Amino acid sequence: MREVCFCGWAGEVEDRRPIYGGDGEWGLVCPDCGRLDRLHYLREEARRRTLAEAARRQGARQAGSLTEPRAAPVSLGAVAGVARP
Ligand SMILES: [Zn+2]
């Protein structure tokens, strides 16, 4: 789902940061301006799914930032093979 914030940020709804908004409700905050969106326009189930996906993506991002990017080891033989006429 595509979302555009008034601050100009555009991206997937799930790419925003899940945050506890109080009253037992969670929302997503814009990574740029921090505006909290409680997703009241979504049905209960869709909201839960969206929040779960946002949490999963955030977890994946954090895990990625803690480890080196897993670049595929370049095979020298393959590179030489390509370069060879
Ligand atoms: Zn924003």
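**A buried leucine, and the rest of the chain**

Let me start with Leu 39, which counts as buried because 21 C-beta neighbours sit inside 10 Å. The cut-offs for that: buried takes 20 or more other C-beta atoms within 10 Å of a residue's own, exposed takes 12 or fewer, partly exposed is in between, and the C-beta atoms are placed from the backbone. Leu 39 belongs to the loop between strand 5 and helix 1 (44-66). Its phi is near 60°, a positive value in a residue other than glycine.

Now, a word on what we're looking at. It's a predicted model, so to speak of a local feature I need pLDDT of at least 70, and side-chain atom pairs count only at pLDDT 80 or more, while totals for chains, interfaces and linings use all residues. Numbering starts from 1 along each chain, as its sequence is written.

How confident is the predictor, then, as a mean pLDDT of the chain? The mean is 83, and 75% of the residues reach 70 or more; pLDDT, remember, is the predictor's confidence in each residue, from 0 to 100. Confidence is highest in strand 2 (residues 10-12), at a mean of 95, and lowest in helix 2 (residues 76-83), at 54.

On to the layout. The chain has 5 strands and 2 helices, and from the N terminus on they run β-β-β-β-β-α-α. These are DSSP runs numbered from the N terminus, with helices being H or I of at least four residues and strands being E of at least two. Of the 85 residues, buried ones make up 9%. And if you take the contacts with a separation of 6 or more, 33% are between residues 24 or more positions apart. By contact I mean that two residues have their C-beta atoms, placed from the backbone, within 7 Å.

We have an open sheet of 3 strands, in the order 3-4-5, with antiparallel pairing. Its edge strands are strand 3 (17-22) and strand 5 (36-37), each of which pairs on one side only. Pairing here requires at least two bridges between the strands, as found by DSSP.

Take strand 3 and strand 4 (residues 25-29): they run antiparallel and are joined by 5 bridges. You can follow the partners along: Arg 17 goes with Val 29, Tyr 20 with Trp 26, and Gly 22 with Glu 25. As a reminder while you look, side chains in a regular strand alternate between the two faces of the sheet.

Which residue takes a positive phi in the hairpin of strand 3 and strand 4? That's Asp 23, near 55°, and this hairpin has 2 residues between the strands. Asp 23 isn't a glycine either, and it is exposed, because there are 6 other C-beta atoms within 10 Å.

Strand 4 also pairs with strand 5, again in the antiparallel sense, over 2 bridges. Val 29 comes up again here, standing opposite Leu 36 in strand 5. This second hairpin has 6 residues between the strands, and there Gly 34 takes a positive phi near 80°.

Two more residues before I stop. Gln 58 is in helix 1, and it's partly exposed because 16 other C-beta atoms lie within 10 Å. What does Gln 58 contact, leaving aside its neighbours within four places in sequence? Arg 17 and Pro 18.

Ala 10 counts as exposed because it has 11 C-beta neighbours inside 10 Å. From its C-alpha atom to that of Pro 31, 21 residues apart along the chain, the separation is 10.0 Å.

That's all from me, over to you.
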